[in-house]
Each structure stands twice: as C-alpha cells, then as structure tokens.
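Please look over the following protein chain with its sequence and fold side by side.

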Amino acid sequence: MSARNQETEAVHRAGFACFVGRPNAGKSTLTNALVGQKVAITSNRPQTTRHTVRGIVHRPEAQLILVDTPGLHKPRTLLGERLNDVVRTTWAEVDVIGFCLPADQKLGPGDKFIAKELAGIKKTPKVAIITKTDLVDSKTLAEQLIAIDQLGKELGFEWTQIVPVSAVGNKQVQLVADLLIPLLPESPPLYPEGDLTDEPEQVMVAELIREAALEGVRDELPHSIAVVVEEMIPRENRPADRPLLDIHANVYIERPSQKGIIIGPKGSRLKEVGMKSRKHIEALLGTPVFLDLHVKVAKDWQRDPKQLRKLGF
C-alpha cells in the first residue's frame, strides 16, 4: 500500500531551461552532451548559433527542454541586433536560466554585461555553469568559482547553484540536469517520448551544412555564411530497401570575392563540405542522402531586412 502511495506522490516536472553566455562559451556543446545527440551546431568560431535550438532531455521523473540561444554580444549589424532580441525574448519565457562561463577565461566586460541583464530578471532562478573545466587546473577553477560567486553578490543576487562541468570530458554533465530539474514546475511531459528537438528537419539540415562550411575558413567568413534548404524529396522509383533522399541547398555569402573561399580550388572545399555534412545529415535522418550544394551571393545580407527575411531571420 505504501509503495502505491509513493507512486501517486511522485511528482513529474517539465519545463524550459535556457543557456546564455558570451559567444563561444560552450552552450551548444553542453546542449548536445545533455541530449546525447547533436541538436545544436558547434564550432570554434564565436557566434555560430543563429536560432534558439530546443534539445529535449527525457527522464522518468522529468522532461527538461533546453533552449540554446545565440551568444549575447555588441551588435554591429541588423542580424546582430535581431540575434540579441531573440536572446532577451527567450530569457523572459523560461523557467530557469543557466549562465555559461568558460573556466579558461577570466570574467570580462561581456560576462558582466550579461550578468547585469540577468540581475534585472528577478523571479527566474539563475544557475552559473562553469564550462570547459578540462582546460584548467584546480587552482584556476577555484579562482573562477569565487569570482562568479562574487559577481552575483556585487549585482545584488545569489546564484541558485554554481556548477563546474566539462561537456567534452563528460564530467558532471548529468549533474547539470540534476540541478536544473528541481527548479522546473510540476507538469506532465510537454513533448512525446523519443523527441530530441522540435527544430524542423530542414532547419537542422541547413545548420549541419553551415557547420561543415564554417570549418577551416578564414576569420572574416563565419558571419557571412547562411544556408537555405530549398527542397528535400525522396527519389522516385527506388526499391523500398534502398531509399534515397534528394536535398537541394544553397550556401549564401555576402560578396563575390568570398565565393572562391567556399568553393576552393577546382571545387575541392565545397566537395569536402558536402561529404562532411552528408554524413551528419544521414545520421540525423536515418536514410541515404544525395546532397546538391550551390554557392550564391546575397549582397550584404546581414544588413538588409529583405534578405534577412528571405534567409529566415
């Protein structure tokens, strides 16, 4: 009888947690580690996340929906302003905020700017997550923990928790979920069991192509690349046991001079981008893919409202 009572008393929690932080603070890597699969693109280039990606962590007693926002930064373009608006809107709507701060970098003006904004959000619990702990020794980590605790006090609020984590080294990743879940409201599951993200497949495919295109290009290019998947259609007249999905996508850059960088000598770079992204796309969709990529110029698209709308921002 008591076992049955315990069952009825077991509380299920479900809600939204948002990771914020400067660009390249490890938010996407942590999202992927918690979900257990790639749902957010990662890159060693700052500012690669352009959409809020939702990753879903399923547990018997809870469902944690992770919202991975773009990094808050000082905007230099209309795109930059729009990305910052996305971040602030997201903060207002989640149940808990995880502020990601890399262990290997001292607190800078960018971190303080974000913390000051967080101080203005009174009711939402705030958890400080010290990322990339695999890159530092214990003394440096201890100093960072003290500095972050102090930062909250200076701004007049207390962190609900401060937790060090290494998503790459898989250290304390599950502890992050353990600490976030009790801060969620009581609720039945919000997504079906087995769903790992609510991103449309086309958006995820475009992101995987953009991630591959970002690898190894010059520093000035990351912000200039946008990818739009024009169509995804099953190839006709294929045997049932050998399906093939045709994906046609355009890689947009801002200036004709950037075309050569993306395409590479005799098309070698574009070919490599196609091979790398195809592997990830096939893993995501669970089906063989024929990927057709074209590079197009959308002049100064980051500053042009019409072009931004066309490219989905």
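In this predicted model, the strands β7 and β8 run antiparallel and are joined by eight bridges, where strands (E, at least two residues) and helices (H or I, at least four) are DSSP runs numbered from the N terminus. Two strands count as paired if DSSP finds at least two bridges between them. Within this pairing, Val228 has Asn250 of β8 as its bridge partner.

**The sheet and the helices on it**
- The strands follow the order β7-β8-β9 in an open sheet of three strands with mixed pairing, and β7 and β9 are the edge strands, each of which pairs on one side only.
- From one strand to the next, the twist averages 15 degrees, with axes taken as lines fitted to C-alpha atoms (for helices over the stretch in contact) and angles running from 0 to 180 degrees between N-to-C directions.
- Helix α7 packs on the sheet and touches β7, β8 and β9, and its direction makes about 125 degrees with that of β7; contact here means heavy atoms within 4.5 Å.
- Helix α9 lies across β7, β8 and β9 and runs at about 135 degrees to β9.

**Helix α7**
- This helix covers residues 201-214, and its 14 residues reach 20 Å from the first C-alpha to the last, close to the 20 Å expected at 1.5 Å a residue, where the expected span is 1.5 Å times one less than the number of residues.
- Eleven of the 14 residues of α7 are buried, so the helix is largely enclosed by the rest of the structure; buried means under 20% relative accessible area, with a 1.4 Å probe and protein chains only.
- Among the buried residues of α7 are Met204, Glu207, Arg210 and Leu214, and the cover over its buried residues includes β7, β8, α8 (259-263), α9 and β9.

**Helix α2**
- Helix α2 (residues 27-35) is mostly covered, with seven of its nine residues buried, including Lys27, Leu30 and Val35.
- After α2 comes Gly36, which has a positive phi near 90 degrees.

**The whole chain**
- The protein chain has ten helices and nine strands, and 48% of its 313 residues count as buried.
- Among contacts between residues at least 6 apart in sequence, 71% join residues at least 24 apart.

**How to read the values**
- Residues are numbered from 1 along each chain as its sequence is written, and side-chain values use heavy atoms, leaving out hydrogens and water.
- Local features need pLDDT of at least 70 and side-chain atom pairs count only at pLDDT 80 or more, whereas totals for chains, interfaces and linings use all residues.

Note on methods. Buried means under 20% relative accessible area, exposed over 50%, partly exposed in between (1.4 Å probe, protein chains only).
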